[in-house]
Amino acid sequence: MSTSTLKYSAETSNALLKEVMDRSGQNLMSCYQCRRCAAGCPVGDESGVTPDRLVRMVLLGEKDNALNNLLIWKCLACYTCGTRCPNNIQTARINETLKQMAKEAHIEPNIPRVASFHSSFVKSISHFGRSNELEFMALYEIENYKKGGLTAVKEDIKSTSKLGRSMLKKKRMHFKLDRTKGKSEIKSLFKKAADKRGAKGQP
Amino acid sequence: MKIAYYPGCSLHASSKLYDIQAKSVLGKIGIELSEIEDWNCCGATSASKTDDFLAIALAARNLGIADATGLSEMMIPCSSCYSRTLVSQKALAGDPALRSEINAELAKKVEGKIKISNILEVLLARKKELTDNAVKKLTGLKPACYYGCLLTRFPSDMPITDSVENPVAMEGLLKSMGAEPLDWGYKTDCCGASASVNDADMALKLMSKILKDALARGANCFVTTCPMCQLNLDAYQDEVREKYGIAKSLPVYFITELLGVSMGMGVEQMQIDRHFTDALGLLRELKLI
Ligand code: SF4
Ligand code: SF4
């Protein structure tokens, strides 16, 4: 068995901890590593990082690892960890913060498709105020193409086209564009969001 | 009696059948669902993963519209929309500065008056009217009631009417209709609906656990209230079974279609033919349709 020494610098760790606590609204310092969150997390095993480990990374100031791991991208926002945590720490919120911080630091998402999926969904709302499956999937594949080229798109289309065909058969595909008339309000909310990010130096 | 109604994107599109069922079943007991005007998407999981302000603000616009109706209660059937809207209402109640900032952009301002209910709360409060209107007992139906994540778990403290880890509202409702809901272990586990497109293997794995447990307990169907969970467990079930070598399939019903069936509504009215995994066979076998 190999051993490693803990590298810890109070200065770097405090800066990271403070930012994550402020932005996520979670008190990471109250974590006592009981691992109830880990026991309930449906993606912890596959991610190689459980919520308790992630909290620990942030506490120790391991910024690179905290911004660059599978858990923050695989997290399903199922809120099991936070519901069970005796100290009320909601790791899903920490993951949301770390994903945003990773984007700001121009770190490639560990699972690019997850990032494309959520950003395309939000973009589709900015267009029509409502999410339209076809438009959303088109935006998603464009993002996918930009990030992973044709191979990524091909892989996706193979699986989604099967679903699409069944959706058609079962009359569960929707072709009419659903839209909100109060477009200017939606636009102004999106603009406000962008201004807020801008004011904090976030993309 | 009128209740404000927020259908959300999926009940207008891929889960239109759920919208139709909810209106039929509640209409039968004298509840009119009044869809709020010109609503927008709540932002779902995606907004909360990408932008903290939008995650509150998108749902806030709907809350303003709902408050302006003057109605006292709004029903939201989709768990994701329900969760986002409730979280937004609570966040705005606790942060007057954010509320005025958002209200400044809105034609209809958030007042925070309207009570947000999920569909189970609305149904359960009218259990007597529902059973009084039932004409068929759901005998032989052994559902695994599936609640998923967002009906009982929230990103911040939220007082809810059912148990967080072991909710029983659906079981109670179905029992009173003559069904025999089963005890099982995965009723609030995540089915991975938000990952089925972008992290498919993960989603399939989560669904396989849910399906295996329901089968092992002797369930003959799933029942759910969330359109995301319904679509996920229904549309991907073949793929899950193939990948994990599971022989049997289980229909995935919305709570409303079973209530409708017990109230004597037929396949056409309930649109039970719009499932991916056969949902008609079991009901025929049990002579319910
Ligand atoms: S459940 Fe809470 S206190 Fe326990 S390890 Fe997880 S985050 Fe820390
Ligand atoms: S919210 Fe994310 S981190 Fe927490 S248990 Fe669910 S998947 Fe795991």
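At what angle do helix α9 and helix α13 of chain B pack, and how far apart are their axes?

Guide: The model is predicted, and every value below is computed from it. Two packed helices are described by the angle between their axes and the distance between the axes. In chain B, helix α9 covers residues 169-176 and helix α13 covers residues 255-262. The angle at which they pack is about 15°, and their axes are 11 Å apart. Angles under 35 degrees count as roughly parallel, so α9(B) is roughly parallel to α13(B). The crossing of these two helices, α9(B) and α13(B), is left-handed.

On the side of α9(B), the residues in the contact are Met170(B), Leu173(B) and Leu174(B). They meet Ile255(B), Leu258(B) and Leu259(B) of α13(B). By class, this contact between α9(B) and α13(B) has 6 nonpolar residues, with no polar and no charged ones.

The loop between β5 (143-146) and α9 of chain B holds Phe154(B). This residue belongs to an aromatic pair, and a search of the whole structure finds 5 such pairs over all chains. The partner of Phe154(B) is Tyr82(B); their ring centres are 6.0 Å apart and their planes stand at 65°. Planes over 60 degrees apart count as edge-to-face, so that is the class of this pair. Tyr82(B) sits in helix α5 (residues 79-93) of chain B, and the two residues, 72 residues apart, link distant parts of the chain.

Ligand 2 is surrounded by 13 residues, and the closest are Cys41(A), Cys75(A), Cys78(A), Tyr79(A) and Cys81(A). The shell around ligand 2 divides into 11 nonpolar residues, 2 polar and no charged. Around ligand 1, the surrounding residues include Cys31(A), Cys34(A), Arg35(A), Arg36(A), Cys37(A), Asp52(A) and Cys85(A). By class, the shell of ligand 1 has 7 nonpolar, 2 polar and 3 charged residues.

Conventions. Residues are numbered from 1 along each chain as its sequence is written. Chains are lettered from A and ligands numbered from 1 in the order in which they are written. This is a predicted model: local features need pLDDT of at least 70, side-chain atom pairs count only at pLDDT 80 or more; totals for chains, interfaces and linings use all residues. Side-chain values use heavy atoms; hydrogens and water are left out. A residue is near a molecule or strand if one of its heavy atoms lies within 4 Å of it. Ala, Val, Leu, Ile, Met, Phe, Trp, Tyr, Cys and Pro count as nonpolar, Asp, Glu, Lys and Arg as charged, and the others, Gly among them, as polar. Axes are lines fitted to C-alpha atoms, for helices over the stretch in contact, and angles run from 0 to 180 degrees between N-to-C directions. Helices (H or I, at least four residues) and strands (E, at least two) are DSSP runs, numbered from the N terminus. Angles under 35 degrees count as roughly parallel, over 145 as roughly antiparallel, 65 to 115 as roughly perpendicular and the rest as oblique. A crossing is left-handed if the near helix is turned anticlockwise from the far one by less than a right angle, and right-handed if clockwise. Contact means heavy atoms within 4.5 Å. Rings of Phe, Tyr and Trp (its six-membered ring) pair if their centres lie within 6.5 Å; planes under 30 degrees apart count as stacked, over 60 as edge-to-face and the rest as tilted.
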